[in-house]
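Hi,

Here's the structure I promised to pass on.

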Amino acid sequence: MQFRRLSVPDAYEFSPRAFPDDRGLFVAPFQEDVFRDAVGHSLRLGQANHSVSRRGTIRGIHFADTPPGQAKYVYCPRGSLLDVVVDIRVGSPTFGRWDAVVLDSREFRAMYLAEGLGHGFVALEDDTVMTYICSEPYNPAGEHGITPLDPVLDLPWPADIAQVLSDKDRIAPTLAEAREQGLLPVYADCVAYYDKLRSAH
């Protein structure tokens, strides 16, 4: 497995090797030793999530109060999707920057997003499955979102696919509004939390 750092700091893409044969295929989308080399600490497992989406479904942009936040390791075991990470950490040198990676069931790439980063995706085909390994359990009181249609962010949603959004995501605040409301994670708090995780290993 190989990894690369994305343009948003503390976000990574992982590329495993698949082993097809006459029975089907085997692949390991998560490998602890490579993950630890990339991130500097082990992946904590607080919850595993599974979503199924029809073509054009946009989920996000979601984030959690940090610390502890909710880091996510995500991959696509069926179908294909465009996965997006947004730096929403106030004070970050890359605040407002995003990066995107196509995840699918052909190459089985995965993405890791550290605590404090915003996450969303769009399904590129029907019955697309997303698997999330989350560092912390779901905490409704600490969960937030910004609209994936924020014109300032100008996220790379395909123009030729009709968009399907939940009401909650559609009416979520823009990045600027979320900042004004004090909802966004603070970069210094996030970095201190990452250092704490690394020092424990």
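Arg 36 makes a salt bridge with Glu 32 (a side-chain nitrogen of Lys or Arg within 4 Å of a carboxyl oxygen of Asp or Glu), and their closest N and O atoms are 3.2 Å apart. Both sit in helix 1 (residues 32-39), 4 residues apart, about one turn of the helix. Helices (H or I, at least four residues) and strands (E, at least two) are DSSP runs, numbered from the N terminus. Arg 36 is partly exposed at 36% relative accessible area, and Glu 32 is partly exposed at 24%. For those words, buried means under 20% relative accessible area, exposed over 50%, and partly exposed in between (1.4 Å probe, protein chains only).

Before you go further: this is a predicted model, where local features need pLDDT of at least 70 and side-chain atom pairs count only at pLDDT 80 or more, while totals for chains, interfaces and linings use all residues. Residues are numbered from 1 along each chain as its sequence is written, and side-chain values use heavy atoms, with hydrogens and water left out.

The structure holds 11 salt bridges. Another one joins Arg 89 to Asp 10, with the closest N and O atoms 2.8 Å apart. Arg 89 lies in the loop between strand 8 and strand 9 and Asp 10 in the loop between strand 1 (2-5) and strand 2 (11-15), so the pair ties together parts 79 residues apart in sequence. Arg 89 is buried, at 0%, and Asp 10 counts as buried too, at 17%. Arg 89 also bridges to Asp 87, at 2.9 Å between the closest N and O atoms. Asp 10, Asp 87, Arg 89, Asp 195 and Arg 198 are linked in a network of salt bridges.

Cheers
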